[in-house]
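Here's a quick tour of a protein model for anyone who likes to know what the cut-offs are. Have the viewer open and follow along.

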Amino acid sequence: MKVLFTYILVLTLTVLQGQNCDYTIPKYGFKATKNIYLGSDKDYRLLDDSLFVDIYYPVGSPEVKRPLVMWVFGGGFFQGKRQDFDLLCQEFAKRGFVAATIDYRIGFEGAGPGLNPPFAFDAAEIVRAGYRGMQDGKAALRFLKSNHERDSIDLERVWVAGASAGSFVAMGTVFLTTEDQKPTQVGKITPANGRNRDDLGPVEGNRYVNGYDAKVQGVFNIFGGLLDTNLIRPDNKIAVMSYHQDMDPVVPCGANMPYYPIPFISANYPIAYGSCMIDSRLRNIGMSPDLFETWIYPGNQHATHDEAAVINYMLTNANPILCGTVSATTNPKLSTIKVYPNPVEHHLLASGIENQTNYKILTMSGNIVDQNIINSNQKISVETLIPGIYIIQFNENGFQKSIRFVKI
């Protein structure tokens, strides 16, 4: 009887957690603490640059420990400011996150008199700008983690996020982790426009080296990328949610130099690898399909076609990871299954199904609303479901995989 009672208690707590764990919908107020000083460091001119962070908190959230997202602004490494992401931080705080927007050092040497950024002296200037930003991202993340008790942050659910150059900084913060990955261009090299270019120092930087690290649960990448996709290693197990327009003229979705349609600018830039290449890298290293989603939108803008839709996409796909409801067994037949579209209005499609597979759809309270057998390329009708969040479970030979989806 005691064992049965314990089982029922655990099951009840699990269901209640599932009911309450939803970061996709704004449901709280927010408050902010701004202009928190994080110290200073040398910019490309060898001048001290003071760096700050603004932190937004949910008001009314019942969680004792909350997920953290650290946002990094864009601007080509020469413009932009942390306040650009104030509204995004407010939106994430309303959904239950502790959300921070940070400063990082910007600026680099232009190509010469009258040719200021985005014109670059050489490709090394762009690499060095991204490296300084990455060092600042790591320092800010360690600062935020060191205050996890004060700010009610769950250290197991830390995310970084960025757009454009900010996404390069965010992804560098996460994936550039060891000294052997340090680019040669950030060591001592020849001067640029008469200005010395000394070694930029260790990967971790020199601020807030306090015992915390820059490990995260996931990354939100909005039309950004990496200068080397090999930084994403098979053992990272870090979730990556990406959005990119396929013909983005500033940051290529594939592999190319930034501003590639304008050779006069792009000639002095390094090859960048955008979201299309990052998606390929994640597939090639065998990353679990539950840990990454990439929305490649047909368009030619360095922008989101619909910011609200992109944020909803990111959070809908991250929510199962944040809530711990993603479960993939060692059964390879189930591990490749994905469902789309998500959110869905009429019919779900399931990819990765080879044979007849049992499925059932459950509400967040655990009630079964549909169950059947699905074949490859068969549609699952959800038209009769009321709008809300559901779980679809696939079962085969005792193995199970659960995926959350949103009915609209």
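## Ground rules

Helices (H or I, at least four residues) and strands (E, at least two) are DSSP runs, numbered from the N terminus. This is a predicted model, so local features need pLDDT of at least 70 and side-chain atom pairs count only at pLDDT 80 or more, while totals for chains, interfaces and linings use all residues. Residues are numbered from 1 along each chain as its sequence is written, and side-chain values use heavy atoms, with hydrogens and water left out.

## A glutamine in a loop

Gln181 sits in the loop between helix 5 and strand 6 (189-192). Gln181 counts as buried because its relative accessibility is 12%; buried means under 20% relative accessible area, exposed over 50%, and partly exposed in between (1.4 Å probe, protein chains only).

The Gln181 side chain reaches the backbone nitrogen of Thr177 at 2.6 Å. Skipping neighbours within four places in sequence, Gln181 is in contact (heavy atoms within 4.5 Å) with Phe175, Leu176, Leu231 and Arg233.

## Strand 4, covered on both faces

In strand 4 (residues 98-102), 5 of its 5 residues are buried. Val98, Ala100 and Ile102 lie on one side, with Ala99 and Thr101 on the other.

Strand 4 has two partners to look at; strands pair if DSSP finds at least two bridges between them. Strand 2 (residues 48-59) runs antiparallel to strand 4 over 4 bridges, and Asp54 stands opposite Thr101. Strand 3 (residues 66-72) pairs with strand 4 in the parallel sense over 5 bridges, with Val72 as the bridge partner of Ile102.

## Helix 7 and its buried side

Which residues of helix 7 (residues 275-284) are buried? They are Ser275, Ile278, Asp279, Arg281 and Leu282. These residues cover an arc of only 160 degrees around the axis, which puts them on the same side of helix 7; the arc is taken from the directions from the helix axis to the C-beta atoms.

The buried residues pack against several elements, including helix 5 (165-175), strand 10 (239-245) and strand 13 (292-297). After helix 7 comes Gly286, with a positive phi near 75 degrees.

## Two nonpolar cores

A nonpolar core here is a set of buried Ala, Val, Leu, Ile, Met, Phe, Trp, Tyr and Cys residues joined through side-chain atoms within 4.5 Å. The largest one has 88 residues, and Phe220 is among those with the most contacts inside it. Helix 3 (residues 123-146) gives the most to this core, with 9 residues. A second, separate core of 18 residues includes Val339, Ile361, Ile374 and Ile403.

How values were computed:
Polar contact = N/O pair within 3.5 Å; in protein donor to acceptor, adjacent residues only side chain to side chain.
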